[in-house]
Amino acid sequence: MDMWKDRFEVSPFTQAILADERADGKIISLVMEGEESFYVNQSPKRMIDHACKYFGSSLKGRQAGTRDVTGITHKAPIAIDPMSGMYFFPTISPQNVYCSWVAHSHVDVIEAAGHQQTRLVFKNQRSVILDVSKGTIWNQIQRTAQFRYKLNERLQYVTKPSFDHVAESVMFHPKS
C-alpha cells in the first residue's frame, strides 16, 4: 500500500490515525478510514490538533476540557466534535511522537496479540495491531466511554429546551 494524500480532514468515518516512520526518520500518519488506508505527511498529533482547530479548539483545549469534565489528566481522550460523535483516545502519551489516535465509536473487539501488543478490530472487521497492552487499550476505551457519558449528559442539559416561561413580545418604537 503506497497511497498518499496531501490533505486530509478527520471525519466521523476516520477509524484511526496511526504513527509511522519514514526512512528518513520523520513521523507520518497512516490513516484508516472505511475500507481505505493511506499515508499523510503529518504526525498524528498535528492531524488531531488540526481537526480540533477545525471545530473551534485545539488539542490542548480539548485535553483541558476532558480534565475539567472527568479529572483525567494523562492520556486523556478528546472530543474532536461531540455533535458528530468524534471521540478519539491516544494509545500512549500524546507527548510521545509514536502516539496513535483511535476513534472510540469504531472499536468492536480488542484482543491480546502478543507481548505488549493488542489487536484492535473495528466494526467493519478491519483490524490493526498496536504496540500497547490489551489492558492499556481497555482502560482507554473505558475512560473514553466515561468521558462521552459525562459530556453528553452536560450537552443534553444545555441543549434541552426550557418551556417554563413564555417570552413576552417587545414592541420597538423608533424615534421619529
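Phe-13 lies in the loop between strand E1 (4-5) and E2, where strands, E, are DSSP runs of at least two residues, numbered from the N terminus. This is a predicted model, in which local features need pLDDT of at least 70 and side-chain atom pairs count only at pLDDT 80 or more, while totals for chains, interfaces and linings use all residues. Residues are numbered from 1 along each chain as its sequence is written, and side-chain values use heavy atoms, with hydrogens and water left out.

**Phe-13**

- Phe-13 counts as exposed, at 58% relative accessibility; exposed means over 50% relative accessible area, buried under 20%, and partly exposed in between (1.4 Å probe, protein chains only).
- Apart from neighbours within four places in sequence, Phe-13 is in contact (heavy atoms within 4.5 Å) with Met-32, Glu-33, Gly-34 and His-106.
- The C-alpha atoms of Phe-13 and Glu-33 are 5.7 Å apart, although 20 residues separate the two along the chain.

- Strand E3 (residues 27-33) is mostly covered, with 7 of its 7 residues buried.
- Ile-27, Ser-29, Val-31 and Glu-33 point one way from E3, while Ile-28, Leu-30 and Met-32 point the other way.
- E3 runs antiparallel to strand E2 (residues 14-21), joined by 7 bridges; two strands pair if DSSP finds at least two bridges between them.
- E3 also runs antiparallel to strand E4 (residues 36-40), joined by 5 bridges.
- Ser-29 is the bridge partner of Ala-19 and stands opposite Val-40 in E4.
- The hairpin of E2 and E3 has 5 residues between the strands, and Gly-25 there takes a positive phi near 95 degrees.
- The hairpin of E3 and E4 has 2 residues between the strands, and Gly-34 there takes a positive phi near 60 degrees.

**Asp-81**

- Asp-81 is found in strand E5 (residues 78-81).
- Beyond its neighbours within four places in sequence, Asp-81 is in contact with Phe-55 and Met-86.

**Cysteines**

- The whole structure contains 0 disulfides, a disulfide being a pair of cysteine sulfur atoms within 2.5 Å.
- Cys-52 counts as buried at 0% relative accessibility, and Cys-99 is buried with a relative accessible area of 2%.

Methods:
Helix = DSSP H or I, 4+ residues; strand = E, 2+ residues; numbered from the N terminus.
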